[in-house]
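Here's a quick briefing to read alongside the model. Have the viewer open and follow along.

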Amino acid sequence: MDKKAYYVCVAVATVWTSYDSSREIDDNAISFPVKLDKWLEQLTYTRRLELCEKNLVQTQLLLGEEVYVTEMKGKWAKIVIPSQFSSKDERGYPGWVPFHQLISQAEYFPLNKPTAVVSATIATLHLAEEALQISYQTQLPLLKEDKEWLQVQTPVGSGRIKRQDAVVIEDRNRKVKGTGDMIIAAGEQFLNLPYLWGGMSAWGYDCSGFAYATHKANGYLIPRDATDQARQGKEVGLASIQPGDLLFFAHEKGEGAIHHVGIYYGKGKMLHSPKTGKTVELIELKGTLYEEELCAARRYY
């Protein structure tokens, strides 16, 4: 099948490892529209952990994001995500989504206009018939604005967002980018948010998704996974790390495979989304397993 451009038409689309990865308990994540709160409420610690340990989920997508469909199997589409760089596929991060969570280019084509970027953790998108909760960093073309509202183009029709919940950028390839401290500030608002394997939204991030989102908020598009993030950017000696740098951790006391990434906060502290059962936290590195496993640092700002 030739790859064809499609756009995500739900608030958050979870990207599964295979067309048969989702379980019955995941029905609220594969529905249209999605019911993220219900899905996450139903997931016990064990069922959440399975997302990782049984390799069920790869990543997530936000409303309006572009994908290419490369294959169909029943009601499922195999996709690649050009905005999420991955060594798994040079075209973009690969995985499977329910086809009804996508809309074709023929039905929706984003206008080349200034973009409204959600800056609140979660914003309400007011549509003609309903209201939809959308995530931090959702990017939608701006149609018009007034003192209170931003009118935006979306795959599910024209909608409005409160001005206070978004910022307007003229160009998605932002010329003015954030500092290391601004990357930290982007992350601090998510302190105490529960970790979610594969998470890329304000309903939950995994470690590299947290790094990805905080950088994206400041104009930097970095790779999706920690192993790829550790290969790009500017290499930084561990004695020279600055706030906003990414810190990488490997098994076997730093000698094995990279398994985790966090953001250096300064003063020996790290901001990160640790693992299932934990929440985004700010910790002292000294005396922890992370201190033993620290193996590399990279700077993207």
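What you're looking at is a predicted model, not an experimental one. The protein chain splits into domain 1 (4-104), domain 2 (115-169) and domain 3 (180-299).

**Where domain 1 meets domain 3**

- Start with the spacing: the C-alpha centres of domain 1 and domain 3 sit 23 Å apart.
- On the domain 1 side, 23 residues make contact, and they touch 21 residues of domain 3.
- Together, domain 1 and domain 3 bury about 1,800 Å², and 58% of that is on carbon and sulfur atoms.
- If you want names, go to Arg 48, Gln 60 and Phe 85: they supply 29% of the area that domain 1 buries against domain 3, more than any other three residues.

**Polar and charged links across that interface**

- The rule picks up two salt bridges between domain 1 and domain 3.
- Lys 88 pairs with Asp 225 in a salt bridge, with 3.9 Å between the closest N and O atoms.
- For polar contacts, the tally across the interface of domain 1 and domain 3 is 11 residue pairs.
- As for which elements are involved, α1 (36-42), α2 (45-53) and β3 (57-62) each supply at least two residues of the side of domain 1 that touches domain 3.
- Sort the residues on that side of domain 1 by type and you get 12 nonpolar, seven polar and four charged.

**The annotated stretch**

- UniProt, in an unreviewed entry, places the feature "domain: NlpC/P60" at residues 177-301.
- Over residues 177-301, the chain is 26% helix and 28% strand.
- The end C-alpha atoms of residues 177-301 are 8 Å apart.

**Salt bridges in the whole model**

- The overall count by this rule is 13 salt bridges.
- Take Arg 23 and Glu 50: this pair forms a salt bridge whose closest N and O atoms are 2.7 Å apart.
- Arg 23 is in the loop between β2 and α1 while Glu 50 is in helix α2, so the pair ties together parts that are 27 residues apart in sequence.

**Backbone spots to check**

- Phe 32 and Pro 33 are joined by a cis peptide bond, with omega at about -5°.
- You'll find Pro 33 in the loop between β2 (12-16) and α1.
- Asn 55 isn't a glycine, yet it has a positive phi of about 50°.
- Look for Asn 55 in the loop between α2 and β3.

Notes
Residues numbered from 1 in each chain as written. Predicted model: local features only at pLDDT ≥ 70, side-chain atom pairs only at ≥ 80, totals over all residues. Heavy atoms only, no water. Domains from an automatic or database assignment. Contact = heavy atoms within 4.5 Å. Buried area = accessible area lost by both parts, 1.4 Å probe. Salt bridge = Lys/Arg side-chain N within 4 Å of Asp/Glu carboxyl O. Polar contact = N/O pair within 3.5 Å; in protein donor to acceptor, adjacent residues only side chain to side chain. Helix = DSSP H or I, 4+ residues; strand = E, 2+ residues; numbered from the N terminus. Nonpolar A, V, L, I, M, F, W, Y, C, P; charged D, E, K, R; others polar. UniProt positions renumbered as here; feature names shortened; annotations may be inferred.
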